[in-house]
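The following note sets out several points on the model for a colleague's review. Please read them alongside the sequence and the coordinates.

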Amino acid sequence: MKRYLLLLMVVPSLLVAQGRGGRGGGGGANANAPVTTTLLVPARVWDGTNSKPHDDWAVLVRGTQITAVGPRASISAPADAKTIELPNTTLMPGMIEAHSHLLLHPYNETQWNDQVLHESEALRVARAVNHAKATLMAGFTTVRDLGTEGAGYADVGLKQAIAQGIIPGPRMYVVTKAIVSTGEYGPKGFTTEFADMIPQGAEEADGVDGISRVVRDQMKHGADWIKVYADYGYGPNGETRPGFTQDEMNLIVNVANTAGRQVAAHASTEEGMRRAILAGVRTIEHGDNGTAAVFKLMKEHNTCLVPTIAAGESLTEQRDTSFHMPMVGGSIPTSLNRKQASFKLALDAGVTICGGSDVGVFTHGDEAKELQLMVLLGMKPIDALVASTSADAAMLGMGDRLGSVKQGFFADLIAVDGDPTTDINAVRNVKFVMKNGVIYKQ
Ligand SMILES: [Zn+2]
């Protein structure tokens with residue numbers, strides 16, 4: 001009895017130490033460090049909204065927060081403030097990657113099946129430590145990591161290590177194993193005698209009891225979001241089919257929402273997307289074969305699209321070494337034609353676009369290629385920037401703390417060479433990174 005009581009007393013402090021229980025995905029600042037004040041002086045500030053950058057503005061940061069934003073002359077910095085000049089740069093919100101897999105590495109290094117079946121969790125975590133650092137240094141200060149793909153709950157520990165300042169990395173929102181219906185996902189193709197013994201890249205769940213238990217079990221292990229595969233290639237001829245019935249999809253969202261979690265749905269077919277949208281998921285991931293009708297439905301239900309253009313583009317690069325990423329203003333390769341068509345339908349329908357690339361399929365640190373590809377396929381640079389900052393933050397339920405350069409927001413700030421609102425390629429030239437008031441790159 002005594003031991004039980006002691007445990008009860010210890011648990012709340014553990015939760016705080018692990019960066020759970022609060023909003024913000026874990027900043028990683030050292031609570032014992034003295035509070036410092038820094039005046040950042042770039043050439044201009046882009047605040048994360050649809051308005052143009054402001055020339056000659058500055059940003060004052062105290063501790064973990066932005067305390068003032070405005071014309072430099074209007075900001076009175078305290079005497080002990082440190083001034084950092086960032087000439088020729090645009091200071092902007094730290095970018096958000098809404099669809100990462102920190103526990104995967106590019107498929108041309110190791111095929112996905114082999115990562116799931118032949119790489120130990122320790123090996124995968126060791127890689128993920130490097131991936132987290134590369135992501136932060138590329139200017140992405142927050143990620144929503146959408147599945148460990150066979151590495152169990154390793155994303156939860158990775159998030160805790162970052163939040164506690166043990167390793168550098170972005171704020172993390174995690175889903176743990178993700179959910180599939182039985183037989184929907186992979187690795188597959190083994191003899192029938194072995195099929196039940198093959199570890200899967202996500203957790204199988206079916207029916208009322210099974211689904212409720214698995215959704216709750218993932219939350220118990222630390223899932224901030226629930227990720228579901230609304231469709232996948234498991235039809236009689238390997239074609240993509242919905243994974244869950246409408247009732248099952250509804251249940252997944254209902255159980256997650258009851259516990260205050262939102263749902264992200266992998267979906268590429270019209271029917272998979274429709275079921276997920278009607279069930280009330282917050283985001284559709286990929287959406288490659290979306291139709292005008294299904295994007296209209298998304299708009300009506302305020303469901304966001306995370307297009308992951310970079311994933312498809314990268315797989316083409318990996319298959320064909322003579323293929324190079326098309327740059328803004330260049331011709332669009334035929335391999336991106338279908339993506340271009342569905343992306344245009346989504347834009348025309350007024351669907352909210354959230355920036356997310358499916359990085360892990362390609363190299364961590366190259367996340368910004370998604371913004372370049374969004375512009376290549378028809379978005380204005382400022383809209384691609386909004387998608388990857390304030391729109392992502394709003395989708396995460398953090399629109400009042402992340403994704404904008406505003407007083408009272410977390411000091412997640414980056415500076416890029418040039419002006420990304422006129423030339424999106426500037427997001428590849430990150431000169432300065434601050435997360436939660438701590439400078440990681442200068
Ligand atoms: Zn993914």
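1. An open sheet of three strands runs in the order β6-β7-β8 with parallel pairing; two strands are taken to pair if DSSP finds at least two bridges between them. Strands (E, at least two residues) and helices (H or I, at least four) are DSSP runs numbered from the N terminus. β6 (95–100) and β8 (171–174) each have a single partner strand and stand at the edges, so one side of each lacks a neighbour in the sheet. On average, neighbouring strands of this sheet are turned by 15 degrees against each other, direction ignored.

2. The model is predicted: local features need pLDDT of at least 70 and side-chain atom pairs count only at pLDDT 80 or more, whereas totals for chains, interfaces and linings use all residues. Residues are numbered from 1 along each chain as its sequence is written.

3. The parallel pairing of β6 with β7 (residues 140–145) extends over four bridges. Within it, Glu-97 has Val-143 of β7 as its bridge partner. Helix α3 (residues 121–137) packs on the sheet, where it touches β6 and β7, and its direction makes about 130 degrees with that of β7. Helix α4 (residues 154–163) also packs on the sheet, touching β7 and β8, with a direction at about 160 degrees to that of β8. Axes here are lines fitted to C-alpha atoms, for helices over the stretch in contact, and angles run from 0 to 180 degrees between N-to-C directions.

4. The domain assignment gives domain 1 (37–93 + 406–441) and domain 2 (95–395); such bounds come from an automatic or database assignment. Taken over C-alpha atoms, the domain centres are 30 Å apart. The contact takes 19 residues from domain 1 and 20 residues from domain 2, contact meaning C-beta atoms, placed from the backbone, within 7 Å. On the domain 1 side, β17 (413–417), β18 (430–435) and β19 (438–441) each supply at least two residues, and β18 gives the most, with three.

5. The largest nonpolar core has 122 residues, and Val-59, Ile-179, Ile-226, Ile-252 and Ala-276 have the most contacts inside it. Such a core is a set of buried Ala, Val, Leu, Ile, Met, Phe, Trp, Tyr and Cys residues joined through C-beta atoms within 7 Å; buried means that 20 or more other C-beta atoms lie within 10 Å of the residue's own, placed from the backbone. Both domain 1 and domain 2 give residues to this core, so it lies between them.

6. Leaving aside residues up to four places away in sequence, Val-59 touches Leu-40, Val-45, Ile-66, Val-69, Leu-91, Val-405 and Leu-413.

Technical notes: A residue is buried if 20 or more other C-beta atoms lie within 10 Å of its own, exposed if 12 or fewer, and partly exposed in between; C-beta atoms are placed from the backbone. Two residues are in contact if their C-beta atoms, placed from the backbone, lie within 7 Å.
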